[in-house]
Amino acid sequence: MYNPFSTNVYEAERNRSGDWFYKLFKGNNAAIAIKTERERLIAVLTNPAALKVFKLQCDMFSLAEVKAIRNKKVLDNDPLIKFLNQPNNYQNLRQYLWDYMFWTMLGTSYLYTNSKVLSPNTKQYWLDPSRFDFTDEIINAMDKNVISDKAYKDNLKLTIEYSNLDGTVTTYALSEIMPFFDLSNGVGNWFRGNSAVDALYKVISNSDRGLDAKGVNLEFSGKYFISGTHKEEDVFGSPMSGMEKESIEDSVRTSKTVHATKSMVELKRFVDDIAKLKLDEGYMADYFIIGGMYGIPRDVLEVNAGGATFENQEKARVAHVDYCLKPKGQDLMLGLEKLFGYDAKNIDLVISWSHLGFMQVVERERATVKSTQLANLRLAQEMEVLTPDEVILRGKEIMEYDD
């Protein structure tokens, strides 16, 4: 398959799991990349700025409602909807949706289903990508373009090992696992997507260094230099002795407010003004860069950081739903329709956030648009620009009315 890094690559390394590690330039400034899924997971879970973005996105996504619709009618007793409310013994729908978005943001989410026939024994789990063992056979098979349906089905018969924390291994057929991708899965492995975290690695690393620097500076901000003054013309002055040093250190740490010394003493902090380092500003800048990579509107990020005005919050959240959450939600719904044969039953799974308070902004704007369109239609009728039948037809279209 086409490798976009094929030019200007100084060094390339591929591990057993199929991850590629590239150095784009020779020398000390070589680009550093994440080598494994495990490193990618740890990078996000241990960095406050990255985890804050992930939590914001996953929390919002998990507030969605899922409905089954046929011929524009909601199926209240649909068995798949009931199943999704408790997809396994440990999770409800909200937790299920949260996990889907989290793993997808890392690059690829893997959905395991033990049966494609809905029954009380049907279970679904999101699997941890870092526990998969991508063998050479799987890597080579998923690296090729497949033309025939037989070759595609043969690939799905391949098995992959999944390591459990107790040291045991579970073996899955690829046909039992449905992958969902954040970015393209067309670079290197059809079964694994690329991750935006790789592009953010330096941002996350620098954010970690900034937090470390703040910790060091806070530690040293409570420490002081104490030194005696020395006149330049005093060429015969002797250096401070050990006893004098200990005497000064002991005296300044007592509760006395007045101290007598043989000569003037100068007191300085190790860190004079930690605010000048602007470490907190650096953390927030990293937070906005990471959030921007995932397409989250800045006003939404500012709401989460406590800085956006109320007037901008609602519209920003609506944009967040429309452009960030809905596409990923539709991917999941289409996958579930295919998995359980709902596409053949003419049943659509719809994921929606319209029940949330801020989404009422959309409804108000939609109502305003319809009101304006109906007013214009009435004016066209009075001017006899349209026939009565045309007025009725267009009025039904505006009101989305079906006979």
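The following legends describe close-up views of a predicted model.

Residues are numbered from 1 along each chain as its sequence is written, and side-chain values use heavy atoms, with hydrogens and water left out.

**Figure 1. Overview of the protein chain.** The secondary structure of the protein chain amounts to 14 helices and 13 strands. Helices (H or I, at least four residues) and strands (E, at least two) are DSSP runs, numbered from the N terminus. The protein chain has 403 residues, of which 34% count as buried; buried denotes under 20% relative accessible area, exposed over 50%, and partly exposed in between (1.4 Å probe, protein chains only). Among contacts between residues at least 6 apart in sequence, 65% join residues at least 24 apart, a contact being heavy atoms within 4.5 Å.

**Figure 2. The open sheet β7-β8-β9.** Three strands form this open sheet in the order β7-β8-β9, with antiparallel pairing; two strands pair if DSSP finds at least two bridges between them. Strands β7 (132–133) and β9 (169–173) are the edge strands, each pairing on one side only. Two bridges connect β7 to strand β8 (residues 159–163) in the antiparallel sense, and phenylalanine 132 stands opposite tyrosine 162 in β8. Between β8 and β9 the antiparallel pairing comprises five bridges; here glutamate 161 has threonine 171 in β9 as its bridge partner.

**Figure 3. Faces of β8 and the hairpin to β9.** In a regular strand the side chains alternate between the two faces of the sheet. The covered face of β8 carries Ile160 and Tyr162, while Thr159, Glu161 and Ser163 lie on the uncovered one. The hairpin of β8 and β9 has five residues between the strands, and glycine 167 in this hairpin takes a positive phi near 95°.

**Figure 4. Strand β3 with its partners β13 and β4.** Strand β3 (residues 65–70) runs antiparallel to strand β13 (residues 348–352), and five bridges join the two. Lysine 67 is placed opposite valine 350 in β13. With strand β4 (residues 73–74), β3 pairs in the antiparallel sense over two bridges, and arginine 70 stands opposite lysine 73 in β4. A hairpin with two residues between the strands is formed by β3 and β4, and asparagine 71 in the turn has a positive phi of about 50°.

**Figure 5. Packing of helix α1 on helix α4.** Two packed helices are described by the angle between their axes and the distance between the axes. Axes are lines fitted to C-alpha atoms, for helices over the stretch in contact, and angles run from 0 to 180 degrees between N-to-C directions. The axes of helix α1 (residues 37–45) and helix α4 (residues 93–106) come within 10 Å and cross at roughly 115°. That angle makes α1 roughly perpendicular to α4; angles under 35 degrees count as roughly parallel, over 145 as roughly antiparallel, 65 to 115 as roughly perpendicular and the rest as oblique. The crossing of α1 past α4 is right-handed, that is, the near helix is turned clockwise from the far one by less than a right angle. Arg40, Leu41, Val44 and Leu45 of α1 make the contact with Phe102, Trp103 and Leu106 of α4. These residues divide into six nonpolar, no polar and one charged, where Ala, Val, Leu, Ile, Met, Phe, Trp, Tyr, Cys and Pro count as nonpolar, Asp, Glu, Lys and Arg as charged, and the others, Gly among them, as polar.

**Figure 6. Packing of helix α2 on helix α4.** Helix α2 (residues 48–61) packs against α4 at an angle of about 140°, with the axes 8 Å apart. The two helices α2 and α4 are therefore oblique to each other. A right-handed crossing takes α2 past α4. The contact involves residues of α2 including Val53, Phe54 and Phe61, and residues of α4 including Leu97, Trp98 and Met101. The contact of α2 with α4 comprises eleven nonpolar residues, one polar and two charged.

Figure 7. Alanine 367 belongs to helix α13 (residues 360–382) and is partly exposed, with a relative accessible area of 44%. Alanine 367 and methionine 399 are 32 residues apart in sequence, and their C-alpha atoms are 9.7 Å apart. Glutamate 390 belongs to helix α14 (residues 388–398) and counts as partly exposed at 36% relative accessibility. The C-alpha atoms of glutamate 390 and leucine 377, which are 13 residues apart along the chain, are separated by 9.7 Å.

Note on methods:
This is a predicted model: local features need pLDDT of at least 70, side-chain atom pairs count only at pLDDT 80 or more; totals for chains, interfaces and linings use all residues.
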